[in-house]
Amino acid sequence: MPRPCSYLSLPAFTVFSLTLILVTHSFAASKARILHKFQGGNDGANPWASLLLDNKTGTLYGTTEDGGNQICQNSFDMGCGTIFSLSLTSNGWRETVLYRFRGGDDGALPRAPLATRPDGYFYSTTTSGGGAIQGGIGTAFRIKRGTWKEAVIFRFSSYQEGAYPQGAVAFDRKGNLYGLTPDGGSSGVAFKLIPSPRGEWKEVVLDENLGLPYAGVVIDQDNLYGTTDENGTFSDGSVFELSHTEPGWQFANIYSFQDTASFGVEPSDLTIDEKGNLFGFAADAGIVCYPHPYSCGTVFAMIRRGGTWQEKTLYQFKNVADGSGPGYGAPAFDSAGNLYGTTQGGGKYGFGTVFKLSPVKDGWQKTTLYSFPGGAGGAEPIGGLVVDRHGNIFGTTYFGGGGKGEHCKKQGCGIVFEITP
């Protein structure tokens, strides 16, 4: 499972008892189709981040970590990545490359999902590029919808202020941008970017000793929440809160993971509901996936009751066939309160799954909606999912698809898919 190198509001629904329920998983008769196969050239390769859905038009927006501009600085021989859209036309789904990163000052290798802001721009980060030191240690950028002109709003230029951002970003009510970097500082940085009327953005470091936060942040009023890979009581990762107090930002671990199979549980981006509860995945936690030396993964929730937090494990993946290693994207919900996610491995063919957790009286029931077959059918869905108002599910796989590019011949350069329950 590859790892190192937004404020998501849920619809109103009744949250049933958040108690772990172990049920025999079932396979639903879901229809799956491939909307696009990345070819590894100008159109991009290897999508990591979750997609962004425009509910008004049905258009999908996303990024690829590789591909795009083949004349790419800093020796990225697979390209520096792209921003793309997929729109439904009379002839089917059509991909449009909106921007190709060049690998210099403009950034390279985007892994974080795109985020919206009322100013008409999409915002995100790149894990590399920027050109300050060592070819660049990452950027924060925005791209204008319609013109698709990219502009870097901040270049990370010293390790003290953060390096190699790759998790989701979030905005507060004033339009300030928040994010995390796994490197920099003592062991990862939480940062805030503040816009000025002249269009410049200033960074403020909120904390620089988080414990390798590969995932991103969500925000609830003035408090930030995220996950780390190497923090907490057992140094296996944690869920943390950054509270905005009068003296400054106060860091607190609100839950410490404990992994019995290996080192670190690899927690995902988080989703926050209207009650302030947090939901996420842990890729390497729970039951050991024998004969493999790693755990199968879990779905968890952090329930806020008064001034305290309580962790609830909603589901433990039981074996490889059940799915193993949930993806790094945040959980997605539909209007009925069903939770959706992916596993990077396992399933019927061993190349990953799409699953649903449905709230029932005594907890949550898991259904495997689809198992990826590998090859041309896609493999290893790393990012999360988006669900439209009709219940259709959209996502990407990092590998598979059978692209024609030189770098795609062995494992494929990924696909965009749709699952219709």
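Student: Which residues lie nearest the centre of the second largest pocket?

Tutor: Thr 57, Gly 58, Leu 88, Trp 93 and Asp 388 do. They are among the 16 residues that line this pocket. Keep in mind that this is a predicted model.

Student: How much space lies in the second largest pocket?

Tutor: About 230 Å³.

Student: What is the lining of the second largest pocket made of, by class?

Tutor: Four residues are nonpolar, seven are polar and five are charged. Leu and Trp count as nonpolar, Asp as charged and Gly as polar.

Student: Why is Ser 371 called buried?

Tutor: Its relative accessible area is 9%. Buried means under 20%. Ser 371 is therefore buried.

Student: Where is Ser 371 found?

Tutor: In strand E27, which covers residues 363–371.

Student: What makes the pair of Lys 348 and Ser 371 a polar contact?

Tutor: The backbone nitrogen of Lys 348 lies 3.1 Å from a polar atom of the Ser 371 side chain. The cut-off for a pair of N or O atoms is within 3.5 Å, and one atom must be able to donate a hydrogen and the other to accept it. The distance of 3.1 Å therefore meets the cut-off.

Student: How many disulfides does the structure hold?

Tutor: Two. One joins Cys 289 and Cys 296. Cys 408 and Cys 413 form a disulfide too.

Student: How do you know that Cys 289 and Cys 296 form a disulfide?

Tutor: Their sulfur atoms are 1.7 Å apart. A disulfide needs the sulfur atoms of two cysteines within 2.5 Å. The pair therefore qualifies. Both cysteines, Cys 289 and Cys 296, are buried.

Student: What makes Cys 408 and Cys 413 a disulfide?

Tutor: Set the value against the cut-off again. The sulfur atoms of Cys 408 and Cys 413 are 1.7 Å apart, and the limit is within 2.5 Å. So this pair is a disulfide. Cys 408 and Cys 413 are buried.

Student: Which hand does each link have?

Tutor: The link of Cys 289 and Cys 296 has 130 degrees about the S-S bond and is right-handed. The link of Cys 408 and Cys 413 has -90 degrees and is left-handed.

Student: Which residues touch the most other members of the largest nonpolar core?

Tutor: Tyr 123, Ile 153, Phe 154, Leu 177, Phe 191, Leu 193 and Trp 201, out of 16 residues in this core. Strands E8 (121–126), E10 (150–155) and E13 (189–195) each supply at least two residues of the core. E13 gives the largest share, three residues.

Conventions: Residues are numbered from 1 along each chain as its sequence is written. This is a predicted model: local features need pLDDT of at least 70, side-chain atom pairs count only at pLDDT 80 or more; totals for chains, interfaces and linings use all residues. Side-chain values use heavy atoms; hydrogens and water are left out. On a 1 Å grid over the protein atoms alone, a cavity is a set of points where a 1.4 Å probe fits but cannot get out, and a pocket is an open set with protein on both sides within 12 Å along at least five of seven lines; lining residues have an atom within 4 Å of a point. Grid points are joined across faces, edges and corners, and a volume is the space filled by probe spheres set on the points. Helices (H or I, at least four residues) and strands (E, at least two) are DSSP runs, numbered from the N terminus. Buried means under 20% relative accessible area, exposed over 50%, partly exposed in between (1.4 Å probe, protein chains only). A nonpolar core is a set of buried Ala, Val, Leu, Ile, Met, Phe, Trp, Tyr and Cys residues joined through side-chain atoms within 4.5 Å.
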